[in-house]
Amino acid sequence: MRHPLSREACAERDATDPLAPLREQFALPPGVIYLDGNSLGVLPAATAARVQEVIAGEWGRGLIRSWNDAGWIDLPRRVGDKIARLVGARPGELVVADSTSVNLYKVLSAALHIARTDSPSRRVVVSERSNFPTDLYIAESLVEQHGMRLELLDIDEIPARLRDDVAVLMLTQVNYRTGRMADMAAVTAQAHAAGALALWDLAHSAGAVPVDLNGARADFAVGCGYKYLNGGPGAPAFCWVHARHVERFRQPLSGWMGHAAPFVFQPGYEPAPGIARYLCGTPQVLGIAALECGVDTVLAAEALGGMRALRAKSVALTELFIELVRERLPGSGLHPFGPAEAAQRGSQVSLAVPADGSLDGYALMQALIHRGVIGDYRAGDGSAAHPHLLRFGFTPLYLRYVDVFDAVQALVEVLESAAWREPRFARKGAVT
Ligand SMILES: *Cc1c(COP(=O)(O)O)cnc(C)c1O
């Protein structure tokens, strides 16, 4: 019998993988194993032609008529309805707009307003200390404006902190560093039991793991278009508000596209009914056109079992990676950092760089990228508790089991040859 961790065994799994045909939807460059879809998804094969058509046909020939004739004005809601299918939202509940940071500003502001109206004594926003920094920076600004306070805790300390002074619990469902995934339904229920609202950032969830916003009775959510949704660099993001809250507050960026009648051009603001009030300015037509192509690559899995099937393959890929690292890299000092249980793991695995300084994680990743294995590096403080990380995202839409094998093989070679010590791999670019 073949060793289950052999390359041949991996190739056999690919040959019988029902999701394998989904890879053909992408324009993957030859010679690259892409393990960074958690930061920037790959280019769908359909995107270039679609965006070219929007440019040459809808814009070039249709000109301003395309706002109606090509349905540009409906893009935020139409593509929002597609994303809704991936996150357990109903049609009409989710819109595409702006960036994740800006959408977080809108929904957190609404959440704080609701909390202050319903229970003025609640003055604390709770989040995770290692949440993605932009989320914390936005929250910092808003709590200051509202005369409230932001409290940052380790994820395990949060349930005990949910007392009667907490207005909002703001979490990213899958932690960007560790890949640890929160149980949205259980944590939302804990927040509600304590009288707090639950706001979720789905940046590393949408298109990566099954999400059921309505099933979890979440209050607010935002998410990212350019990660697992493959919308392209700087793709527009999305926001969702539970039906019970959506009409309660006019979000603070009260632009004309969120007005009840934008083309009446009246001087006073009147919020549109429903989620449309969370729009601000003119939709980014080219960006949303590209995003739609990306979202379609995920929706293509619906006929093959949908997010549940993608999740099963994602778990299989991350488990395989962890097993291969354990078997092939003993004694390197690199070790999986994050949840050991697959059920608590998003679609990524991080390897911690040893705290003794024997390896330079940044240079190691650069040497891997030079060999065509693209992941990324996230600096910590270098301690055992907050180590520097090599981060690998596993997108089941286009990754094969042999890719996982070959990626670990490349890591073995980079370590054995000490190629990472070459000075060129230590040079840092502006984006890391
Ligand atoms: C990627 C990511 C963002 C990105 O925000 P932008 O506004 O698109 O720059 C925000 N929050 C989290 C948790 C992320 O992972």
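Which residues of helix 12 are buried? In this predicted model, the buried residues of helix 12 are Gly-361, Tyr-362, Ala-363, Leu-364, Met-365, Ala-367 and Leu-368. Helix 12 spans residues 361-370, and because seven of its ten residues are buried, it is largely enclosed by the rest of the structure. The packing partners of these buried residues are strand 11 (373-374), strand 12 (376-378), strand 13 (389-393) and helix 13 (401-417). At its start, the backbone nitrogen of Tyr-362 has a side-chain oxygen of Asp-360 within 3.0 Å. After helix 12 comes Gly-372, with a positive phi near 90°.

The N-terminal end of helix 8 is capped by Asp-183, which places a side-chain oxygen 3.2 Å from the backbone nitrogen of Ala-185. Just after the helix, Gly-195 adopts a positive phi of about 85°.

Thr-100 belongs to helix 5 (residues 100-118) and is buried at 13% relative accessibility. Its side chain comes to 3.4 Å from the backbone oxygen of Gly-223. Leaving aside residues up to four places away in sequence, Thr-100 touches Asp-201, Val-222, Gly-223, Cys-224 and Ala-237. Lys-313, in helix 11 (residues 306-328), is likewise buried, with a relative accessible area of 6%. With the sequence neighbours up to four places away again set aside, Lys-313 touches Asp-17, Leu-19, Pro-396, Leu-399 and Tyr-401.

Charged pairs are the next topic. Side chains of opposite charge can pair when their charged atoms come close. The model holds 25 salt bridges. One of them joins Asp-406 and Arg-7, at 2.8 Å from N to O. Asp-406 lies in helix 13 and Arg-7 in helix 1 (residues 7-15), so this pair ties together parts that are 399 residues apart in sequence. Asp-406 is partly exposed, with a relative accessible area of 22%, and Arg-7 is partly exposed at 36%.

A further salt bridge pairs Glu-292 with Lys-82 at 2.9 Å, N to O. This pair links distant parts of the chain, with Glu-292 in helix 10 and Lys-82 in helix 4, 210 residues apart. Glu-292 is buried, with a relative accessible area of 9%, and Lys-82 is buried at 18%. Both take part in a network of salt bridges that links Arg-78, Lys-82, Glu-292 and Asp-296. In the salt bridge between Glu-247 and Arg-277, the closest N and O atoms are 3.2 Å apart. Glu-247 is partly exposed at 47% relative accessibility, whereas Arg-277 is buried at 5%.

Leu-286 is located in helix 10 (residues 285-299) and is partly exposed, with a relative accessible area of 36%.

Technical notes. Residues numbered from 1 in each chain as written. Predicted model: local features only at pLDDT ≥ 70, side-chain atom pairs only at ≥ 80, totals over all residues. Heavy atoms only, no water. Helix = DSSP H or I, 4+ residues; strand = E, 2+ residues; numbered from the N terminus. Buried < 20%, exposed > 50% of the residue type's maximum accessible area, 1.4 Å probe, protein only. Polar contact = N/O pair within 3.5 Å; in protein donor to acceptor, adjacent residues only side chain to side chain. Contact = heavy atoms within 4.5 Å. Salt bridge = Lys/Arg side-chain N within 4 Å of Asp/Glu carboxyl O.
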